[in-house]
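Hi,

Here is the structure I promised to send over.

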Amino acid sequence: MSDMTPAAAAKAKLARTLTWSKTPVVPTIVIVIVLAFIPLVWRNDYIISLLVLMLLFSLMTQSWNLTIGMCGIWNFGQLAIIAIGGYATGLLTINLGISAWLALPVGVLAGGLAAVIMVLPSIRLRGIYASMLTFAFAEVVRLLIIADSSGFTGGPFGLTGVKGLFDNLSPSWSLRAYFWLTLVLCAAVMLLVHRMMNSPFGMGLVSLRESVRFSIGMGINRRVQFIMATLISGLIAGLAGGLYATFYHGITPSFMGLGPMGLMVIMVVVGGLGTVRGPIIGAFAVTILSELLRDTVMWRLVVQGALLLLVLAFWPAGIDGLLTRSLAKLRGWMNVGQGEVEGGPHVAVATGAAPVDPGPSLTAPAAQASEATSAVVAAADPPKPTRKVGGFKAWLNADQPKADGKKPRGSKGDKKT
Amino acid sequence: METLVQALISGLVFGAIYAIMTMGLTLVYGCLRTLNMAQGAFGMVGGYAAWVITTDMGAPPIVGLFVGALAAAGIGILTHFISIKPLVGRKDIDFEMTAYISTLVVAIMFSAAIILLFGARNKAIDPLIEGRLHVFGTVTVAWQQVAVAVVAFICLGGLSLMLSRSRQGLSIMAVAQQFDAAKLMGVPAGRVYWVTMALAGLLGGIAGVLLAPLYFVSPSAGDLPILKGLTVAVVAGLGSIRGTIYAAFIIGLIEALVATYVGSLWSLPVLFALIVVFMIVRPYGLFGKPEEERL
């Protein structure tokens with residue numbers, strides 16, 4: 001910290017107090033490099049194709065989570081966006097005969113454009129209305145493709161004969177190349193989303209999700225924020241769709257049906273809605289579960305649905321939330337001996353629990369802050385407890401709860417009646 | 001002229017079905033604040049129950065209608081207890097979104113379970129009444145469609161009587177309008193919840209059995225009705241009973257006219273485009289209240 005300029009240190013401190021975290025670039029690269037050795041060590045083509053499928057699902061869930069989880073846009077038409085990306089890529093390689101490498105970027109752009117077109121009319125709408133509009137959009141896209149009898153999109157039987165990205169390699173090497181490509185893209189997208197969500201732009205999205213009135217009052221431009229987020233989500237979706245179509249050399253309209261949609265919902269919610277890691281964890285967990293249930297194909301959806309209902313009932317934050325909570329608890333236990341009070345404000349924030357009475361825990365952040373942020377700004381800056389305001393993590397300045405136990409202004413969200 | 005009359009008649013018939021279909025959605029949304037995505041699955045289950053009773057066991061179609069409706073009502077109660085009740089009153093979740101997701105997944109689970117039980121093939125089911133009614137000229141109406149309209153109107157009338165006269169219906173309206181006040185007046189909110197879901201299941205089941213002879217009974221038979229139901233509910237404004245009836249007939253007529261004059265392939269896309277425009281003009285529907293007011 002010694003070679004930091006005061007401005008940079010102040011910025012770092014601000015980022016910490018806003019609970020931004022640094023994008024874990026180096027650990028991710030290390031993990032990617034380690035994972036990249038899997039297909040060289042484990043020479044089972046079936047397993048590798050399964051891993052590619054998981055990575056593709058991770059891209060899809062990541063793109064969907066960006067709108068539904070991060071921004072709270074009730075977007076239930078994401079599969080249509082993914083399929084549009086896939087169809088655009090596939091149709092270009094089939095009809096124009098161009099290489100899949102040239103068609104893929106067009107598919108990506110098509111996905112972004114379609115997402116913006118779909119979400120644009122629903123930005124103004126309240127949750128459920130937006131969900132219906134996007135759901136209807138997806139159904140219309142699906143029904144139009146099914147009803148198309150001209151042979152352009154292949155109608156209900158789907159598109160076949162899409163060129164692959166690695167057609168000149170042998171099948172098993174092409175599979176491995178797909179694995180490496182999707183692995184790198186998946187990691188890059190994850191880093192991008194993480195970086196985005198830990199920036200003023202991402203904080204704006206989260207605050208819009210938690211309380212629209214509060215955010216507009218703070219001067220956040222809802223329209224621009226939502227369109228940007230949707231565009232990025234659509235680009236990722238188009239990428240996932242294009243990769244899917246080239247990997248399987250085709251795509252069918254049943255890809256947009258209720259079944260795959262349910263699968264995506266299960267993945268995102270089981271993994272953890274609105275987190276960066278959640279969709280990836282969910283995609284892997286649910287795909288592994290379906291593989292375990294491979295012998296009883298028809299029971300799959302029933303079992304997965306039951307899993308989702310259980311998760312919703314007992315751990316609504318999903319696997320990621322469960323991990324975060326256990327980690328926070330562990331940290332709390334380990335710090336008990338060092339003067340840290342268990343259940344202090346940091347634990348409360350991590351678990352998403354109701355704000356704790358700041359009385360007994362005031363000492364905890366004091367101890368922590370004095371060692372962590374003593375350097376530059378902390379001198380005239382006594383530590384304050386973190387409290388949830390409308391579900392929005394805030395570091396309140398003068399707004400300590402009154403002795404008479406009056407709730408602070410704005411602590412009740414305006415979402416519920 | 002005759003094509004126009006034909007289109008208007010079929011628009012009215014479909015409007016009546018959409019009305020009872022969407023009324024289930026409206027009641028559940030007004031009372032439980034849940035957009036029940038399983039409403040289409042109720043109809044699908046009702047259709048299968050009617051198929052089992054009439055085709056497998058040889059009962060007359062009217063018995064099939066009753067059995068289908070009752071089976072769907074049972075499924076409605078089941079849906080409430082497995083997917084909505086565990087979420088009610090929780091502070092750590094966004095109830096509307098979570099309930100939407102859980103009912104959607106329940107709908108998918110029902111489809112999967114039906115495939116397990118009956119297989120994926122379409123099943124044909126006999127209409128309530130065979131034959132066609134000749135109105136004038138070349139205009140004819142299938143008796144089934146007449147029966148559909150009659151049953152639908154009986155249902156709507158019975159529902160409005162129930163909601164305005166009976167103790168149970170009044171308690172549903174009370175919970176929908178003011179939850180806290182209703183509870184303070186001694187309305188058993190827990191029971192009202194599952195009764196509402198049973199009612200929604202009943203309506204969905206009747207709609208499913210009525211639609212079954214016109215289309216087929218299949219595991220995905222609930223998908224199109226729920227899409228139409230959602231469209232009607234959006235146009236009506238969620239939770240508005242009066243709006244639901246108007247919107248159902250408006251959408252039924254638009255759809256029939258577009259199908260007749262433009263082609264049935266275009267009826268859904270045109271409808272969707274109209275609704276997008278409509279939502280931009282009136283973001284909360286025909287009779288919806290701008291903010292959080294109910295029914």
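What share of the 295 residues of chain B counts as buried? The figure is 53%, where buried takes 20 or more other C-beta atoms, placed from the backbone, within 10 Å of a residue's own.

Before the rest, some housekeeping. This is a predicted model, with local features needing pLDDT of at least 70 and side-chain atom pairs counting only at pLDDT 80 or more, while totals for chains, interfaces and linings use all residues. Residues are numbered from 1 along each chain as its sequence is written, chains are lettered from A and ligands numbered from 1 in the order in which they are written.

Chain B has 11 helices and two strands, these being DSSP runs (H or I, at least four residues, for helices; E, at least two, for strands) numbered from the N terminus. Starting at that end, the order is α-α-α-α-β-β-α-α-α-α-α-α-α. The C-alpha trace of chain B spans about 60 × 50 × 35 Å along its principal axes.

Now for contacts, meaning two residues whose C-beta atoms, placed from the backbone, lie within 7 Å. In chain B, 75% of the contacts with a separation of 6 or more are between residues 24 or more positions apart.

As for the partner, 37 residues of chain B are in contact with 34 residues of chain A. On the chain B side, α3 (61-84), α4 (95-118), α9 (223-236) and α11 (267-281) each supply at least two residues. The most come from α4(B), with 15 residues.

Cheers

Terms used
Buried ≥ 20, exposed ≤ 12 C-beta atoms within 10 Å, placed from the backbone.
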